[in-house]
Protein chains: 4
Amino acid sequence: MERNASFFTIARSFKAIFLDSYGVVKNHRGLIPGVQGTINYLRDSGKTLRILTNDASRSPEQQAARFEHQGLKGLQPEEIITSGMMAHMYLVHKAKSGRVAYLGTPDAAAYILRADCPSVPVSDIDLDDIDDISAMVFLDDEGFDWNQDINKTVNLLRKRNIPAIVANSDKLYPVAQNDVSIATGGIARLVESILNRNFIHFGKPDSQMFSYAFDHINQYGQFGKSDILMVGDTLHTDILGGNKFGVATALVFTGNTSPDTVDLDISASGIIPDYICPSIVH
Amino acid sequence: MERNASFFTIARSFKAIFLDSYGVVKNHRGLIPGVQGTINYLRDSGKTLRILTNDASRSPEQQAARFEHQGLKGLQPEEIITSGMMAHMYLVHKAKSGRVAYLGTPDAAAYILRADCPSVPVSDIDLDDIDDISAMVFLDDEGFDWNQDINKTVNLLRKRNIPAIVANSDKLYPVAQNDVSIATGGIARLVESILNRNFIHFGKPDSQMFSYAFDHINQYGQFGKSDILMVGDTLHTDILGGNKFGVATALVFTGNTSPDTVDLDISASGIIPDYICPSIVH
Amino acid sequence: MERNASFFTIARSFKAIFLDSYGVVKNHRGLIPGVQGTINYLRDSGKTLRILTNDASRSPEQQAARFEHQGLKGLQPEEIITSGMMAHMYLVHKAKSGRVAYLGTPDAAAYILRADCPSVPVSDIDLDDIDDISAMVFLDDEGFDWNQDINKTVNLLRKRNIPAIVANSDKLYPVAQNDVSIATGGIARLVESILNRNFIHFGKPDSQMFSYAFDHINQYGQFGKSDILMVGDTLHTDILGGNKFGVATALVFTGNTSPDTVDLDISASGIIPDYICPSIVH
Amino acid sequence: MERNASFFTIARSFKAIFLDSYGVVKNHRGLIPGVQGTINYLRDSGKTLRILTNDASRSPEQQAARFEHQGLKGLQPEEIITSGMMAHMYLVHKAKSGRVAYLGTPDAAAYILRADCPSVPVSDIDLDDIDDISAMVFLDDEGFDWNQDINKTVNLLRKRNIPAIVANSDKLYPVAQNDVSIATGGIARLVESILNRNFIHFGKPDSQMFSYAFDHINQYGQFGKSDILMVGDTLHTDILGGNKFGVATALVFTGNTSPDTVDLDISASGIIPDYICPSIVH
């Protein structure tokens, strides 16, 4: 483990850089100051870049537009990989008929659910008419009334033994310096606990997003695992996932992990990044 | 285990009868038809009666008034024991200063929280002014905005290391023939899972409500444990609690347990009632 | 909460004193030095005394003899209440026929299992002849081959849907200054996790042992809950159980809890003793 | 989902076949009768073959030799991928100094642990001399005294905050028609529960083994995910892992899943194979 490393120096050793979005490129205050310089540097050095995010609420196109709107130029939708895309591929592969029920926003539904299958928000379901509902998808923590629609979801899943898919397994996301909000994965865990069932969860640390990104960049060049660096702010998702997939990992302090507790966090979890650097802007 | 027993015949062997409320005296359709006859019979036979309920949302006075309003006459507030009363006694004993925060209705707050301590619904809390908050109490699943106030509770408990008390440990309650609603205990479990902490839960099967009822009836007469029958519709709360407390137990089919699955439920859980009877009205 | 209190001063306000055994009266080094003086003082002051212990491995008679052997005089078997006694009463009440299987020592079996029912250690069971086995009891972490007999227990409980009873719910017990051993409750949790089932657990913090002790002392005198002080070294068993039962509680530092972390432990758990005193000998 | 399919017919549509070992190629009685024919057929048809197994107890060389010894000819060590190999790669990448402690057999230690790092079975550890122990690895459920060495592991991990790695996340494995044995993952979960920590687990359903196999076969040919069929007997490991990785999946009835309960298992889990076939021999 190399500490206090300069991100620019580390990056030189790799052909491809995978970045977590929240806590690495931006946080609750907006873009990490100076991040445009990092992106420019990586571009100029010919690095291949991917964003790997457990934020399933928006499509790659929308996330790219949002980066642009926040002032970060040059990130392409093709470079952004979301846990929602993994859920989408699962649904395409495995949920081929019937209506798909969901909790979340129309935006998330639009890119995660199959275009060729009818879908219905839980709020619009008539619990007396559910025989054709073939799957339940947890897309986002917004876009519905928690009290009414989580309860309705519990009843739907008691009456219909169908796959339940979670597009983002995170329990929490930060909304301000010291404030968090319960994420999709937290809501799904509530329903799992009530029903005593386990759902199918997508997102880091599962190696799937890494595998997808790896295959994707190999369509444009030739990359081995040792050519890749994963950068993240969270030991249990970014670093564990990268370590298990077999790429090098760098932990930064612009998000969930603080320099004050990092040693304790690493030894307690046993999740060891290859590099620790303050941020991606130095 | 005696099956297909007549409740009237069983009751003859006991001096005191403890009844669960929901699933025994009433259910989602209202009073169990004929239950007035049972109450009258128990009164006429000189039995001592107590209702033991995990419904913390209303005070004994309100629950008695509600029974009256639904058409069941003669239940006194003193005969109704709620899990909320247990939480109240804990707070009286252990939370002696500061403001108490809560999730739930003003009705539940009025009888569970201490009259002599200031209390505040989570919705009214300013998260920048919480230094004097000394406890958090989960009272009810109603009376607040789930999305906004559960998230606020998570942040309150991240910032303040204070006791969190759950006035009703049930995860679910029935609202219609086949529909359920997430109860206070389910919401508390969501927050416990997000924070990775365990709160202090009240309600059956914990033997405390049994102990309270036992002491209470012994102020008016002389009762040993073998003089008491606990009647309930749920193996994991009513019957387990009664068995562990050491009183006789009877399971009825007017609530959570169905005759079709009762044998499997008993053998799988290892919770064995002394009697099984269809309802308390025969 | 009163800190740095003298146990002798505190004890004056109460008519009955309930003491945890391990961590209060003795620990891994033997008797707490000076504890004979405390017992003598309590006797001389006319206090009623009970030991409440989650150690189910030995009968009250054996535990009294062991205290005597270690040099502590004057504790009577009638004053010692074990979680095993609670399991025994459950079995007497609810397991009336068939053979009872167990993991543990013959000593524990002798006082916890019913004298009038045949019992069999798991090691002696023939898995092809188990139709008459009516219950499985986890008595102790000793007295059997863990590898062979825990696996056999898993298979027994897969083949027979019978009650499983845990005579001591503790996960751990201390064996030296910094060393612990997995206790009965830990072994039971392994089997619960493998089978995805919940067993019936006995021991503090469940209020049953408190209720038993309360009833027992009231056979010899008249005691209200405010007359009783529970003294323990563990917040999650002794203090939580005492608080929920409604008696006063005192935490000591001769066992699981250290003065260095007590404030953090109390605020994190929300379990608040009425008194904190270094030990019962001052 | 296609039911009652012939494995030979299904296999025709794919260029590579991934097989689980236990429950597909062999079971507690030995080789599945006729399986040599299937292997021969796949070879003759030019299919690429890999065995993906959560059995970490033996190296690919040993597993190949064992197949040979049981009478199945022609499986090469290079075609066998174990969860232990994934743990090995993690250790190579992330545990670079100090002694590595382990529970398991010398055979498992020999191929999973790093050849260039000293390792020590937990039984040989002196708990007063552990400052240089840098990781703990759960290799196998055999090769140690459960009582003594699991307790010692608990104490080691209480004293040293080091990574704990689980080479096989399975909780159970079958040892006879109706008998099971607790596997490495079950033992690790006991220690996790005692310590209230989560370890780093390897094995299906994690997509890592799939990713490794995918990369491996692409060194010898050109394979897309749609060219691959994963065959397994267990929904929660083989089929879920295959589905999440994005390859086609076939469920067989020669192991954990029975035709009587398959519909219930599929609907309850939401894990849907593309094909169901009785075995790989028809």
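**Note on Thr153(D) and the overall form of chain A**

1. Thr153(D) lies in chain D, within helix α6, which covers residues 146-159. The model discussed here is a predicted one.

2. Is Thr153(D) buried or exposed? Its relative accessibility is 0%, so Thr153(D) counts as buried, the cut-off for that class being under 20%.

3. The surroundings of Thr153(D) can be described in two parts. Its side chain comes within 2.7 Å of a backbone oxygen, that of Asp149(D). Once neighbours within four places in sequence are set aside, the residues in contact with Thr153(D) are Leu103(D), Val122(D), Met136(D) and Phe138(D).

4. Turning to chain A, its secondary structure consists of ten helices and 15 strands. Its C-alpha trace extends over about 60 × 40 × 35 Å along the principal axes.

5. How does the radius of gyration of chain A agree with that of a compact globule, and why? A compact globule of 282 residues would have a value near 19 Å, and chain A has 19 Å, so the two agree.

6. Burial and contacts in chain A are as follows. Of its 282 residues, 62% count as buried. Among contacts with a separation of 6 or more, 72% come from residues 24 or more positions apart.

7. The accessible surface of chain A amounts to about 10500 Å². Carbon and sulfur atoms account for 47% of that surface.

8. As for charge, chain A has 25 positive and 33 negative charges. The mean position of the positive charges and that of the negative charges lie 4 Å apart.

How values were computed. Residues are numbered from 1 along each chain as its sequence is written. Chains are lettered from A and ligands numbered from 1 in the order in which they are written. This is a predicted model: local features need pLDDT of at least 70, side-chain atom pairs count only at pLDDT 80 or more; totals for chains, interfaces and linings use all residues. Side-chain values use heavy atoms; hydrogens and water are left out. Helices (H or I, at least four residues) and strands (E, at least two) are DSSP runs, numbered from the N terminus. The radius of gyration is taken over C-alpha atoms; the globule rule is 2.2 Å times the number of residues to the power 0.38. Buried means under 20% relative accessible area, exposed over 50%, partly exposed in between (1.4 Å probe, protein chains only). Contact means heavy atoms within 4.5 Å. Accessible areas come from the Shrake-Rupley method with a 1.4 Å probe; for residues, only the protein chains shown count as cover. Lys and Arg count as positive and Asp and Glu as negative; His and the chain ends are not counted. The place of a charge is taken as NZ of Lys, CZ of Arg, CG of Asp or CD of Glu. A polar contact is a pair of N or O atoms within 3.5 Å; within protein, one must be able to donate a hydrogen and the other to accept it, and residues adjacent in sequence count only if both atoms are side-chain atoms.
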